[in-house]
Amino acid sequence: MADSRSVPQATTAEAEELRQIALDHLWIPMRQHDDMVAQGGPPIIVEGNGIRLTDIKGKTYIDGIAGMWVVNVGHGRTEIADAVHRQLNTLPYASTFVAATVPAIKLAQRLAKLAPGDLNRVFLASGGSEAVECAIKMARQYHINAGQPQRSKFIARRESYHGTSMGALSLMGSPGMHRERYEPLLPNMRHVGTIYCYRCAWGLEYPSCNLNCAQDVERMIEFEGPATVAAVIAEPISVSCGVSVPQPEYWPRLREICDKHGVLLIADEVITGFGRTGKMFGCEHWGIVPDMMTFAKGVSSGYQPVGGVIARESVATMFEGGPEKTFTHGFTYSGHPAGAVAALVNIDIIERENLVENSATMGQYMLDRLTALKEHPMVGDVRGLGLLCAVELVKDKATKEKFSPDDPILKSVSSKVLELGLFVRISDNLFLAPPLIVGKSDVDEMVGIVEKAITWGEQEMGY
Ligand code: PLP
């Protein structure tokens with residue numbers, strides 16, 4: 001970790017000027033400009049080291065969300081930066097449309113070794129949405145190549161998040177993302193109920209529900225006509241649904257259903273991959289091998305933008321045998337050598353420092369500490385696996401009444417957490433997913449801040 005680096009601190013006038021320039025010229029994703037103005041501009045982060053971030057005014061924060069479920073190995077890894085620097089000096093770029101580079105070859109081999117079963121063939125891209133776009137087209141063409149061109153439908157889950165490009169958005173089911181604004185979306189995308197046991201869509205309870213959420217997938221396949229369905233896509237743990245962890249039989253059941261109907265199963269591991277849940281990949285918790293796995297974020301811990309799809313042998317070989325079978329798909333930056341190098345060193349660090357194991361141990365500790373917060377009237381539920389947790393905040397615990405997304409209490413709990421020195425993500429869930437390097441005292445500090453902010457919110461609400 002880089003202890004010696006230090007960005008010179010900006011004067012107050014420089015900081016204010018940058019905030020104003022940000023408001024005038026930098027379009028901040030997902031945020032309302034008026035809110036940004038009211039807030040005096042976005043926080044400006046200038047440095048990261050380990051689990052800590054420093055803003056332009058010199059205030060430090062714990063990065064309790066690892067960027068955005070990204071920086072698994074923590075900030076300030078000069079080992080990755082140096083490797084990227086060397087690669088850029090040796091070969092900054094070569095198009096993978098015409099040639100392979102050594103780092104891309106080595107990364108593909110490494111990912112094939114890490115991924116379960118015969119997930120052996122790696123298609124590289126630059127992020128999660130691109131990965132999902134690859135998976136959509138790959139699944140579509142797989143069936144065309146297999147002589148079943150009528151299999152064009154995809155089944156995703158409501159409350160899911162798969163990215164914001166048009167294909168990924170068409171699969172997404174998260175209501176907060178306002179799919180309707182961007183219609184018409186891709187046709188043939190169907191959505192089924194999800195794995196949200198705290199608010200089961202059918203009002204059922206596990207285990208007497210007999211996994212109605214998995215059965216809903218089969219009902220949809222049968223309703224649409226199995227011969228028309230290309231793939232089912234799901235996040236192993238639904239982060240967008242407040243880190244909903246499926247029941248143990250859910251993924252094996254999905255695997256059975258897809259096999260029975262000749263439908264491909266895609267696990268979207270963009271968040272859950274690379275140790276986040278206490279296993280290298282989320283689907284390993286349930287011992288299943290999907291037909292394709294999308295990945296991004298933790299593969300490079302954000303040191304370079306990298307993502308992609310790992311496909312099973314049976315999928316990849318369907319693209320061999322003549323020009324009509326070729327996957328006519330790719331991006332200029334597919335397999336970028338600097339990205340591949342960053343990912344390789346990042347994976348070295350994850351393995352060398354046993355970060356997957358630390359995620360399991362510290363994750364359980366964090367979940368236990370957070371579960372104790374259930375005593376609070378504002379805490380409806382606490383969920384998680386590994387260092388991927390969420391605290392669901394409710395207006396009324398007895399009725400499970402939700403906060404509206406723009407409820408001032410949520411906004412002020414969010415500001416309070418920041419004021420107390422912690423970066424998290426807050427919607428009606430407070431998400432906690434720090435870098436995988438945390439120790440017990442870090443977890444204690446984070447949970448302590450979360451508890452203070454919740455207590456403060458409860459006082460504001462007059463509980
Ligand atoms: N898939 C999942 C499960 C995600 O959580 C995300 C982003 O959070 C994406 C895809 C899209 O990734 P990106 O933002 O890199 O395009």
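**Entry 1: the end of H14.** I began with Gly-462, which lies just after H14 and takes a positive phi of about 75 degrees. The model I consulted is a predicted one.

**Entry 2: H14 itself.** I then examined the helix, which has 22 residues. From first C-alpha to last, H14 reaches 31 Å, close to the 32 Å expected at 1.5 Å a residue. I listed the buried residues of H14 as Asp-442, Val-443, Met-446, Val-447, Ile-449, Val-450, Ala-453, Ile-454, Gly-457 and Glu-458.

**Entry 3: packing with H12.** I asked at what angle H12 and H14 pack. For H12 (residues 355-371) and H14 (residues 440-461) I noted about 30 degrees, with the axes 10 Å apart. Angles under 35 degrees count as roughly parallel, and the two helices are therefore roughly parallel to each other. I recorded the crossing of H12 past H14 as right-handed. On the H12 side, the contact is made by Met-362, Tyr-365, Met-366, Arg-369 and Leu-370; H14 contributes Lys-440, Val-443, Asp-444, Met-446 and Val-447.

**Entry 4: Met-293.** Is Met-293 buried or exposed? Met-293 counts as buried because its relative accessibility is 0%. Leaving aside residues up to four places away in sequence, I found that Met-293 touches Pro-116, Leu-119, Ala-267, Glu-269, Phe-281, Cys-283, Gly-308, Val-309 and Ile-310. For Ile-310, 17 residues from Met-293 along the chain, I noted a C-alpha separation of 5.2 Å from Met-293.

Notes. Residues numbered from 1 in each chain as written. Predicted model: local features only at pLDDT ≥ 70, side-chain atom pairs only at ≥ 80, totals over all residues. Heavy atoms only, no water. Axes fitted to C-alpha atoms, helices over the stretch in contact; angles between N-to-C directions. Helix = DSSP H or I, 4+ residues; strand = E, 2+ residues; numbered from the N terminus. Parallel < 35°, antiparallel > 145°, perpendicular 65-115°, else oblique. Left-handed = near helix turned anticlockwise from the far one by under 90°. Contact = heavy atoms within 4.5 Å. Buried < 20%, exposed > 50% of the residue type's maximum accessible area, 1.4 Å probe, protein only. Expected span 1.5 Å × (residues − 1).
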